[in-house]
Amino acid sequence: MFLKNKLLFFLLTLNFYISNCKAEQLASKNPKIEYKNFDIQKGFEVYSASSMEFDDLGWLWVSGSNLQLAKGKIYERTGIIQRYDGNRFYTVEIPNFPETPNLISLVKRLDGQFYVIFHFFNKNLLFLINPKTLVFKEIKLPFSKEYQNIFLFPYKDYFLTYAREKTEIQLFRLDNNLKFTLYPFKPITSKEEKDIPDFQHFIGFENHYMVSDTRMGTYVYNKDGSLLEKVSLSNLGLKNKEKDFLLNIDFWFKIDDLVYIYFLGIKDCFEYNPQNKKWSKTKNIKEQFPSKYDRQQFLSDTKGNLLQQNIFKDNITITINLKDNPNKTIIDTSLNSFSMIASRDYSKELFMVNKGGFYHYTFKNTVVSTFLENNSIRGMLQLNSDEVLVTTNQSGWYIVNLKTKTEKKYIATLKGEPYQLPYSNNIYEDRDYYWANNHKGIIWINKKTKKAESHIFYPIVTSVEDGDYIYSGTFYYNLMKFDKQRKKNSILTSTSNYDVQNILKINNTIYLACVEGLLAYENNQKTLYNPKKEIGNSLFICIVQHPKHGILLGNQLGELFRFNPVSKVFTLLYKDDLKASIATILFDNDDIWLNTYNGIISFNPKTKATTRYTMDDGLSFYEANRYSALKTNEGSFLVGTIKGLNYFDPKKISKKIINADFKLTSTTYFNKNTKTEVKEISPEKLTALKTITLPPESKNLQLQFSLFGLYNSNKIKYRYRLNKELWVDLFTDTEIRLSNLSAGKHILEIEAIDSANKIIGKPIMLSIFAGEFFYKSDWFYFLFFLGIVVIIFGFYLEERKKNILKEHFSNKIISTQEEERSRVAKELHDSIGQRLLVLQKTVLKNKSKEETELKMINDVINEVRNISHNLHPFQFKKLGLAKSLENMMDAFQKTSDVFYSYEIADNIDVYISKEKGLFIFRMLQECIANVEKHAKATACNLTITNEAKIIRFVLKDNGSGFIVNNAMNSNESLGLKSLQERAQFINAILNIQSNPKTGTVITIKIAK
């Protein structure tokens, strides 16, 4: 027995998966239908559904039983309730019972709460649940009996309650205050204990109601529960049935105030008039909804729309007949049995449950037809009232029939072989040929033979036809003229400096829309016109001629300009808030239709009114393609996108307004008190939630959210951001996982946006406080670092005292060194220099003939002078820094192979004191000496500039250079260290840059 149960369970599960896979593959071939399905792997756990109800918050509730066995018995499954938010399912936690219910049913009250019937093996229990709080409340039935079966039927503002105990059944009135009133009349039911009533249909009217029980037939009762009549064959005017034939309702629906009923085993449909309680066989229902299927089921919604479930050869199709629209929506489900259906409006949505599968359909705007879906559309040509020739980027050419809504591939031949025509931005026709431009030149196809020929010359971007000629704009090349009779190209003018995007010919003038502006070619002359001051910023990509407004141009920034060819003046007519590029332009009476990279915009130049149509309004895709727009002879529009061709009447298309509430559906985070992860799904608590506190043990947060309303969920995108930072795109995902949030307060914003980037509903705002362990808190770090600071401060004071002494000592050395230089230089000049001069004069006086001796004396004198001058420039105070530097550079130039040059700004001595100037002189003197000794340079330049707040000295050579860090750290580089000390002494900034390949640059900056 155990193995038998296991095998049955396996077969049920296998059947569930096979059915679901088929439905997913063939769910809908209609591009106007968006579809998604759920199974047990995606979170939908109801296998056999008993009820589907929408609550007032927008959730869809599904109840029934799942595949989990009760007590291990294959025929007893476990009851379950799930809620659907449009994206995922949430299982409702039911009360704890001694035994597990095998089925759960829901019935909605007028106040939005649900009655819940828990079905057990030998009894039923009645509860009330509030969808806002998800709290159950048990309802005690009157008297002390434990009823085996409970049936609830909504009637007016109360419920009729059938309660059965063994063979006895009683009728109660259940009011919203949970008060029961026993009716004295007992319903007609089977007297056999084993025959549980099987109420399949309840139809309520103003003063009576109708109940169908598969075991007893169909009865009509007064509103007080008294029997009016049993529906009989004679009521229906039927005579060809057995007298004991039970009339059980198969299905029923309402149209206006009349009820239409089908009975099991009877093909005819009967109309019931609740005013006079009369039956009649309908005369028009079969004509309006012909029955060509094996079996049908009709349902109606509150809008008057009618839905048919049709079985034909074990296959279910769904047909939706809209009340005020002749178009029908047909869905091929590939299921083989009727489904449980739910919908708030059949024209917009449909939900189905069938054998463990959940199917969610949303319907696009039926005013817009889509052809060649997922193809990138280019040029179009209307052939006749019904047919249009359409080119695509990758799939070749097609003939689209607007009347039959069909597409047919157009195949030409080239050199005798089938040839898929390349995409063309523009198509024309004459009596014998189709003409088009492509990426190689001009192509033409014979209409009769479909033989293709081409003139390969240069890739054409755009073209326009005028009689026997085709004028083409090319990419940075020439404006071309093609003679269709001679099959020959000629160059009109060069456009090598222009990024040509589109072309327009008016009389003898050719206009080229370019990125650089509007290029006009007339009388063999070309002129560029630009609406903006900055040349090259026009970014024009389309151009048309409007019968009233003249030449119109659209650009990549979403701007629409009007150009006056007489005054040569541009006027800005429209500027898109989203800056969506204007790909093409169409006209309808006073409205200008802009087909952009983000929807189609209807713009009225007079009233300035605009309407943007997007995928939410039925378009196949939001991004229009350039060169891909056509107004048919009948006034309808064909607009090509990168994913399909849209066909619609501009007078009939309407903007879909999405009225939806954006709400949290669950939050999951760690609870510090319970030490567990807590998931909150109560709508009431989530609505009131404004702040979330995360403990330091786990600063992770999971949020789920959804839009509640009638909308196409696949076209809605979501995004979030923390603390006003950049938005993070979630696309269609409705879940956020935040991990390891930094300690402190965070502001979380979540938005839902449509395909035009407009916000839907009210954004979700949450304050998140992420806790931190004390050893990671600011106070801990404050106290810790305070102790460290006290210790370091003591070391700092001691070290600073040492540095001050060291700096004072260093400065004293520099000062003493300068004084000593001055003293030695003075001694050399005044003492030794004077004695050498006396010796020179004595030798000259004695007229010594030893010229060699005289030369040696002169060399010694010059050397002493140089040493004296280098030690201390005696004329520095008189000449100043600038002149002294010039003299120094000249002196080096006279005695060196290095080419020295300088550029010194005027009046620098005004801003630098003599003392600081002397130090700068010494520093540059040391640097030039290094050039002479080490650089191996051929040129050296000194530049001094007088800037706003500083005087800048730059000494640059082209020598061999050196590695600065190595030189600074070397014990032998006393000169570099001396430079640093001198710069520090006068508060100057010293910077040394050196490269072995480019030489050395030394910069000294000193404040004025």
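**Note on the predicted model**

1. Start with one pair of residues. Ile104 has Phe118, in strand E7, as its bridge partner. Strands here (E, at least two residues) and helices (H or I, at least four) are DSSP runs, numbered from the N terminus. E6 and E7 (residues 114-119) pair in the antiparallel sense over 6 bridges. Two strands count as paired if DSSP finds at least two bridges between them.

2. A word on the source. This is a predicted model, in which local features need pLDDT of at least 70, side-chain atom pairs count only at pLDDT 80 or more, and totals for chains, interfaces and linings use all residues. Residues are numbered from 1 along each chain as its sequence is written, and side-chain values use heavy atoms, with hydrogens and water left out.

3. Now the sheet around that pair. The sheet is open, has 4 strands in the order E6-E7-E8-E9, and pairs antiparallel. Its edge strands are E6 (103-108) and E9 (135-139), and each pairs on one side only. From one strand to the next, the twist averages 30°. That angle is taken between axes, which are lines fitted to C-alpha atoms, and runs from 0 to 180 degrees between N-to-C directions. Strands of a sheet pair through backbone hydrogen bonds, either parallel or antiparallel.

4. Look next at helix H7 (residues 876-895). H7 has 20 residues, but its end C-alpha atoms are only 21 Å apart. A straight helix would reach 28 Å at 1.5 Å a residue; the expected span is 1.5 Å times one less than the number of residues. H7 bends by about 80° at Ala882. The bend is the angle between axes fitted to the seven residues ending there and the seven starting there.

5. Which residues of H7 are buried? They are Phe876, Gly880, Leu881, Ala882, Ser884, Leu885, Met888, Met889 and Phe892. Buried means under 20% relative accessible area, exposed over 50%, partly exposed in between (1.4 Å probe, protein chains only). The cover over these residues includes helix H8 (914-935) and strand E69 (939-946).

6. Check the cysteines. The structure holds 0 disulfides, a disulfide being a pair of cysteine sulfur atoms within 2.5 Å. For Cys927, the nearest cysteine sulfur is that of Cys940, 9.1 Å away. Cys927 is buried, at 4% relative accessible area.

7. Finish with Ile760, in strand E67 (residues 759-770). Ile760 is buried, with a relative accessible area of 4%. Leaving aside neighbours within four places in sequence, its contacts (heavy atoms within 4.5 Å) include Ile658, Phe662 and Leu707. Ile657 lies 103 residues away along the chain, yet the two C-alpha atoms are separated by 9.8 Å.
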